Amino acid sequence: GLIIFAVGALIACGNFLGTLVIAKDERTYEGSVPLVTFGAITAAIIAVFTLASGAIILIPTWLWSIGYISNIDPLTYKLIWWAMGHSSQQINVSAHVSVWYAVAAIVLGAKPLSEKASRLAFFLYILFLQLASAHHLLVDPGISSEWKIFNTSYAMYLAVLGSMIHALTVPGTIEAAQRRRGFNKGMFEWLRKAPWGNPAFSGVFLSLVMFGFLGGISGVVMGTEQINIIMHNTLYVPGHFHATVVAGTTLTFMAVTYLLIPMILQREIMFPRLARWQPYVFAIGVSGISLFMMGAGTLGIPRRVWDVTMSDAMFPHQYPAAAFLMLTLNGICAVLAAAGGLMYIVNVVASTFWGKKTADAPQAQKASPPPAAPVRVAVGSYGSAETLYIPGTIVLVGIFFISFVLYYYVNWKYLAEVWPLR
């Protein structure tokens, strides 16, 4: 099944790249491809790498399973498998960052602060982002310390640099567009008067915040060789994944759906009020899942076990009561996130099949105000915002860095407590 899926995905990548060649021949765009398309190309390149890694190891493993190959080295298998396994999420990261730029352009008519800087960030993703797979192998024997140190320090720093550039340019792009529209009072009028009632915008901005503060900071901590040891294979790991895959990618794709249904299917969003509330409900639930999973993991709750209490073990381990409180709160937040997901499914299915046909698409109809600029012009043109006056974004990024430094220090403090030097 995995092999068949991989072949289908590879065909999709080929179709996408072939479409770009045709678009170039037909002069659909001038100069370099638009930034949003450039990000999608990044995702496609990482996808090809991911699929190739899967083929390199899954095909021999399949042949081994039916008796044609006598042996598969376990360490080789795990190394190459994670080149596929973790890199699969990097496809999503590149794609959803592209959607952030697209939604900002469509809803606000925003242009990136710097085309060159944003493209450089995507290029760094191609070179270094999938090396984050190394954190799955940090406790494995047989892999050299030099390899582990390089991938969790120098290579990771360059991958993180790409995300840091996006962390500045995406909200900065939004602030510059809002200030250009006249929201210039104080530090944060542009943010207060952003179109929070538009589910496409609110979903994207919430995913940006949660992906950065929850997924980004925890990812750097988990990818550091020394402090990884205190959370490796604990519930902290799926807590991080929920912050990246669900709060980041899933919520972003949910948000852009509210633009795609009127644009592509030319149907109104059937329940606009439900659409306005859905990103908030889903975001609160998912952020709680992530936080409480990571909290439980920090207190030692393992993953991949059927009974975290280990009640039938010969030497049972007693976890602090706070760990079980975290698990309880995680369950409550999971119910809330599931409710947000159900709100999305009901609205999208109903809008797709029974939404009222609209003659003036592409407008987000009652669920959101019309785009600030024609969609093709907004996402298909080259150019920068030509301003670096983004004081609000600078403050927000400063808060992010302070949070990161403090949390990074706290985890080193935890390490010092469980691994004292005498």
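Helices here are DSSP runs of H or I with at least four residues, and they are numbered from the N terminus. With that convention, select Gly-1, which sits in the segment before helix H1 (2-25). The model is a predicted one, in which local features need pLDDT of at least 70 and side-chain atom pairs count only at pLDDT 80 or more, while totals for chains, interfaces and linings use all residues. Residues are numbered from 1 along each chain as its sequence is written, and side-chain values use heavy atoms, with hydrogens and water left out.

Gly-1 is exposed, at a relative accessible area of 84%, where exposed means over 50%, buried under 20% and partly exposed in between, computed with a 1.4 Å probe on protein chains only. If you also select Ile-46, 45 residues away along the chain, the two C-alpha atoms are separated by 21 Å.

Next, colour H1, whose 24 residues reach 35 Å from the first C-alpha to the last, close to the 34 Å expected at 1.5 Å a residue; the expected span is 1.5 Å times one less than the number of residues. Its buried residues are Cys-13, Leu-20 and Ala-23, and these pack against helix H2 (35-65), with contact meaning heavy atoms within 4.5 Å. After H1 comes Arg-27, whose phi is positive, near 55 degrees.

Cys-13 is buried at 10% relative accessible area, and Cys-333 likewise counts as buried, at 13%. The structure holds zero disulfides, a disulfide being a pair of cysteine sulfur atoms within 2.5 Å.

Turn now to the aromatic rings, which form 14 pairs. Rings of Phe, Tyr and Trp (for Trp, the six-membered ring) pair if their centres lie within 6.5 Å, and planes under 30 degrees apart count as stacked, over 60 as edge-to-face and the rest as tilted. Select Trp-196 with Phe-201, an edge-to-face pair at 5.2 Å centre to centre and 70 degrees between the planes. Trp-196 is partly exposed at 25% relative accessibility, whereas Phe-201 is buried at 3% and Phe-205 is buried at 8%. Elsewhere, Phe-38, Tyr-101, Phe-122 and Tyr-125 form one aromatic cluster.

The charged side chains come next, with five salt bridges, each defined by a side-chain nitrogen of Lys or Arg within 4 Å of a carboxyl oxygen of Asp or Glu. One of them joins Asp-140 and Lys-78 at 3.1 Å, N to O, and this pair links distant parts of the chain, since Asp-140 lies in the loop between helix H5 (115-128) and H6 and Lys-78 in helix H3 (residues 74-85), 62 residues apart. Asp-140 is buried at 11%, while Lys-78 is partly exposed at 28%. Another salt bridge joins Glu-175 and Arg-179 at 2.8 Å, N to O; because these residues are four apart in helix H7 (residues 154-180), they are separated by about one helical turn. Glu-175 is buried at 0% relative accessibility, and Arg-179 is buried at 7%.

Finish at Lys-148 in helix H6 (residues 145-152), which is buried yet has no salt bridge, the nearest side chain of opposite charge being Glu-225, 5.4 Å away. For charge, Lys and Arg count as positive and Asp and Glu as negative, with His and the chain ends not counted. Leaving aside neighbours within four places in sequence, Lys-148 is in contact with residues including Asp-140, Ile-143 and Glu-225.

Notes:
Helix = DSSP H or I, 4+ residues; strand = E, 2+ residues; numbered from the N terminus.
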